[in-house]
Amino acid sequence: MIKEKLNIIKVGGAIVEDETSLEGLLMSFSSLKGKKILVHGGGKIATQVASKLGIETQMIDGRRITSAPMLKVVTMVYGGLVNKDIVARLQALGENAIGLTGADMNLIMSVKRPVDPVNFGYVGDVKFVNVRSLKSLLEAGAVPVLAPLTHDKEGTMLNTNADTIASSVAKALSGEYSVTLTFCSSTPGVLKDVNDPTTLVSKISKADFRAMVSDGSISEGMIPKLQNAFEAINAGVSKVVITSAGNLEGGTTILADPETDD
Ligand code: ADP
């Protein structure tokens, strides 16, 4: 059976914050034919809103801690302002967008991350993706726009990494569709030299990734992004790409691990 195509585009926080990049990305997204899902990151708007409300942003090793008051802010900002702004813009472009968190239709359930070794607060690790409900939305012609929020099905929202949401949804839907997963970031893709956009790596294997992490040429946010990308390609997603918002057709293609005969 030939599976129908599904495009899942993940757009990073830096693009969401930049008016010109966001508009360009949404135009490219709306020109994609067929079934599609947009997953968006949060960006710094939550930090700005929190500070206006007198809520301090706590960080450990450069990573945000989601305290109880911060969880309220990210729910308002990611699930409200950012998500609905994108939905309204997509509607203006003729897309039948519907903005959702993981709690809506129980789309994505997660468990609160253990407090040991680092207590990140109200952060969720994805445990379940509701394929049937997502499929029903896609089959009805809707374009789901997913905020980086999940729930524990016990009444609590959890802040969840948007790359992880995108790769979890892509993996879960790969049984039903031929999925292309595209991570749109502020770089043209994986670079040999992070400061030189002309050093784009067109294809990357797990072995290349390990070598580039060891020699320091891949660091920071690109490490978990690539881990999510390799997990997706090795779990049945048809194509995984890391690229910039302005170039959905280019970027770095993720290579699946070679098959072994053991
Ligand atoms: P997002 O845009 O999804 O929030 P991140 O900021 O988490 O993405 O990850 C992308 C960042 O990773 C880039 O902006 C860059 O600073 C960093 N990075 C580290 N190593 C590399 C590399 N080799 N190639 C490209 N980006 C890299």
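User: Which of the 16 residues around the ligand come nearest?

Analyst: Lys10, Leu191, Ser217, Ser219 and Lys225 come nearest, out of the 16 residues around the ligand. A residue counts as near if one of its heavy atoms lies within 4 Å of the molecule. One note on the source: this is a predicted model, local features need pLDDT of at least 70, side-chain atom pairs count only at pLDDT 80 or more, and totals for chains, interfaces and linings use all residues. Residues are numbered from 1 along each chain as its sequence is written, and side-chain values use heavy atoms, with hydrogens and water left out.

User: How far is the ligand from leucine 191, and how far from serine 185?

Analyst: For leucine 191, a backbone N or O atom lies 2.8 Å from a nitrogen atom of the ligand. For serine 185, a side-chain N or O atom is 3.1 Å from an oxygen atom of the ligand. The protein buries 79% of the 580 Å² that the ligand exposes when taken alone. Those areas come from the Shrake-Rupley method with a 1.4 Å probe.

User: What classes of residue make up the shell around the ligand?

Analyst: The shell has eight polar, five nonpolar and three charged residues. Asp, Glu, Lys and Arg count as charged; Ala, Val, Leu, Ile, Met, Phe, Trp, Tyr, Cys and Pro as nonpolar; the others, Gly among them, as polar.

User: What lines the second largest pocket?

Analyst: There are 13 lining residues, and Asn7, Thr180, Lys239, Leu248 and Glu249 lie nearest the centre. The pocket's volume is about 240 Å³. A pocket is an open set of points on a 1 Å grid where a 1.4 Å probe fits, with protein on both sides within 12 Å along at least five of seven lines; lining residues have an atom within 4 Å of a point. By class, the lining has five nonpolar, five polar and three charged residues.

User: Which strand gives the most to that lining?

Analyst: β1 does, with four residues. β1 (4-11), β11 (177-185) and β13 (239-244) each supply at least two.

User: Why is threonine 199 called buried?

Analyst: Buried means under 20% relative accessible area, exposed over 50%, and partly exposed in between, with a 1.4 Å probe and protein chains only. Threonine 199 has 18%, so it counts as buried. It is found in the loop between β11 and β12 (203-204). Its side chain reaches the backbone oxygen of aspartate 196 at 2.7 Å.

User: How do you know whether serine 167 and threonine 260 are buried or exposed?

Analyst: Check each percentage. Serine 167 has a relative accessible area of 1%, so it is buried. It lies in helix α6 (residues 162-173). Threonine 260 has 58%, so it is exposed. Its place is in the segment after β14 (252-254).

User: What about asparagine 106: where is it, and what is its phi?

Analyst: Asparagine 106 is also in the loop between β5 and β6. Its phi is positive, near 50 degrees. At 18% relative accessibility, asparagine 106 counts as buried.

User: What makes the peptide bond from aspartate 116 to proline 117 stand out?

Analyst: That bond is cis, with omega near 5 degrees. Most peptide bonds are trans. Proline 117 lies in the loop between β6 and β7 (124-129).

User: Why is glycine 12 called buried?

Analyst: Its relative accessible area is 7%, so glycine 12 is buried. Its place is in the loop between β1 and α1 (13-17). Glycine 12 and alanine 229 are 217 residues apart in sequence and 14 Å apart in space, C-alpha to C-alpha.

Definitions and conventions. A polar contact is a pair of N or O atoms within 3.5 Å; within protein, one must be able to donate a hydrogen and the other to accept it, and residues adjacent in sequence count only if both atoms are side-chain atoms. Grid points are joined across faces, edges and corners, and a volume is the space filled by probe spheres set on the points.
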